[in-house]
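These are my notes from going through one model.

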Amino acid sequence: MNALSAAPAATTVAPIAVCDLGTRFGAQVVHEHLDLQVSRGEILGVVGGSGTGKSVLLRTIIGLRRPDAGTVRLLGADLHALPSPQRIAIERRIGVLFQDGALFSSLSVADNICVPLLEHTALSARDARRVATLKIALAGLPQDARDKYPSELSGGMRKRAALARALALDPEILFLDEPTSGLDPVTAAGFDHLLRTLRDALGLTVYMNTHDLDSLHAVCDRVAVLADRRVVVCADLATVARYDHPWVQEYFHGPRGRAANVAWATPTPENR
Amino acid sequence: MSSTDVPGRVDLLADGDGSITLRVSGAWTLAHFAAIEQQMQPARRTLGADFRLDLSALSALDTAGAGLLSLLLGPERLCAVIATLPDLVPERRALLGTVGGAVSDILAYTPPGSDGLGFVELLARLGRTSEAIWCQLRALLGFIGLVLETLARTMLHPRRWRITALVAQLEQTTLDALPIVALLSLMVGAVIAFLGATVLSTYGASVFTVDLVSFAFLREFGVLLAAILLAGRTASAFTAQLGAMKSHEEIDALRTIGLDPIEVLVLPRVLALILGLPMLTLISMLAGVLGGAIVCVTVIGIPPAMFLSLFHADTPLSYFWVGMSKAPVLAFLIGIIGCLEGFKVTGSAESVGERTTSSVVQAIFVVIMVDALAALFFMEMGW
């Protein structure tokens, strides 16, 4: 929210705006005429079959890959058109959680979180460590994890540690690539809950690649479906589930989709 | 300058009726972390139990600022106080509540005491290092035994000989190393001949440069140069290959399929080195003598035919065998060390780097040490 008041003009601009994007690897076309808008403060879940280019889209949006056609505007700016200092200023305002966490394996958890803090703020090493400790607690990690190395953590704890690092600079947009993949259902549900709490508390905009139907039900405000090289539909879950597209129907009304529907149609403390 | 750039501050205001208002204002953000903390110290010390919190002048708040605020008030009191503020925006209420919860988790945690520093720590470290060296030595001996045992077992079953892997390893470790070994030996041979020519010419004995080159290369330098290059080039490659496989659980996968990693991965590599290093040694000897010959012919003026006849007359065949006999032993040790270090990788990128360094250092150390011991032995035996 400090960012909201810091840049009042930016509130009118969509944090993420993808327009007519094309992506190809050699002769293989991954995206064609892809459009996507994410509004401030929402959690967008992006679903799609394997190989539909969800991760590539995420990498393109955060500027790791140059679009082959069309434009990507992140917080109102085209990253590839900006000179380096402005580009870094934009990159400071986003946080990314990579699929396997991508924690620096030679640094302890606390030191991992200190990396962006020391690089981009004037904090002393001691204060950076205290802020890192706060982020560790916010991400729901036990305090004795702070001096552990990534290889000593379980998959769920690694994701939380990576989330703490992604949140280090209080980003406006959080990008998550398959945050719950490889986690057991209990841990995954805990992660979903954490995400919703943090979104409410920090006013985050969240862009999430996922396969997890339960996550879609639990946290996503809108769902975008990637198929046929573009976003075929982007709306709230109920609308998307009714959308007439073979993959969408198979996804939401196959055995797993039905199970999740039933589970989330019954009110429980968690989904109310 | 917008209001969000004003560093946050906290003021204790005494009202007319004796009640105290804690007025929090400005930007409580990461950018002003140190300034805010310093400014809030007096208020933190003097703050009594009874006060009113005024957050209306707070222009910006992020997690770091919320963390400081909950340090100032104490997380429990913060949660209690924000519940009494009806006009607080929901986002800030959520942020303060969440951060307050996190801060109370942190305060409840007492870190485990660290070990004492100083002399005792130094002794402990010395002890740990000595123990690590002892364990390393035992592991190396154990691994040698394991490999020899597997080798003996596999020998009896020709169907389990992994010829393709062996040939592939031979190509990578030996054939690909030929040019560099030959070039380096040529240059070292030339340098030795130069040294010999310079020193021996003062005694009018520069013709003995031929003997110097042939002695040096056949007995020592041929095998030593090839082995050191192999230690640097191949031991590190083995460690990195096996280490990457270990961290991707490929070695565990091999075991579950019922394959013995020693038989599948280690034997072809070690055998390839045992076959390859003698070949490289031969090349190194030839190239080194050739380098010496070039210098003898061009600088000292010994005709090529004379060089050959001196070489033939003064160098017994046993020198060649003294040099060559060391090659398989050194090759075995280099291969074993490279593979063992690879198996010790634990998964992180740093560990691969550490193990690779360790494997090269150990391999070169062992090569030079064994060569020195062998030189003593052969000299004493008069071979």
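I began with a helix pair in chain B of this predicted model, and I noted that α7(B) passes α10(B) in a right-handed crossing. Two packed helices are described by the angle between their axes and by the distance between those axes, so I looked up both. For helix α7 (residues 178-201) of chain B and helix α10 (residues 261-300) of chain B, the angle is about 40 degrees and the axes are 7 Å apart. Sorting the contact of α7(B) with α10(B) by class, I found 21 nonpolar and 6 polar residues, and no charged ones.

Is B:V360 buried or exposed? I wrote it down as buried, because B:V360 has 22 C-beta neighbours inside 10 Å and 20 or more are enough for that label. Leaving aside the neighbours within four places in sequence, I listed B:A231, B:G232, B:A235 and B:S236 as the residues in contact with B:V360. For one of these, B:G232, I also looked up the separation from B:V360, which is 128 residues in sequence but 5.6 Å in space, taken from C-alpha to C-alpha.

I then went to the place where the two chains meet, and recorded that the contact takes 24 residues from chain A and 29 residues from chain B. On the side of chain B that touches chain A, the elements that give two or more residues are α1 (33-46), β3 (52-61), α2 (63-73), α4 (90-108) and α13 (349-381) of chain B. Of these, α4(B) gives the most, with 9 residues. By class, I found that this side of chain B divides into 16 nonpolar, 9 polar and 4 charged residues.

For chain A I kept to overall figures, with a secondary structure that comes to 11 helices and 9 strands. Chain A has 272 residues, of which 43% count as buried. Among the contacts in chain A between residues at least 6 apart in sequence, I noted that 65% join residues at least 24 apart.

Chain B averages a pLDDT of 88, and 97% of the residues score at least 70, while for the complex the predictor gives an ipTM of 0.73 and a pTM of 0.68.

Definitions and conventions: Residues are numbered from 1 along each chain as its sequence is written. Chains are lettered from A and ligands numbered from 1 in the order in which they are written. This is a predicted model: local features need pLDDT of at least 70, side-chain atom pairs count only at pLDDT 80 or more; totals for chains, interfaces and linings use all residues. Two residues are in contact if their C-beta atoms, placed from the backbone, lie within 7 Å. Helices (H or I, at least four residues) and strands (E, at least two) are DSSP runs, numbered from the N terminus. Ala, Val, Leu, Ile, Met, Phe, Trp, Tyr, Cys and Pro count as nonpolar, Asp, Glu, Lys and Arg as charged, and the others, Gly among them, as polar. Axes are lines fitted to C-alpha atoms, for helices over the stretch in contact, and angles run from 0 to 180 degrees between N-to-C directions. A crossing is left-handed if the near helix is turned anticlockwise from the far one by less than a right angle, and right-handed if clockwise. A residue is buried if 20 or more other C-beta atoms lie within 10 Å of its own, exposed if 12 or fewer, and partly exposed in between; C-beta atoms are placed from the backbone. pLDDT is the predictor's confidence in each residue, from 0 to 100.
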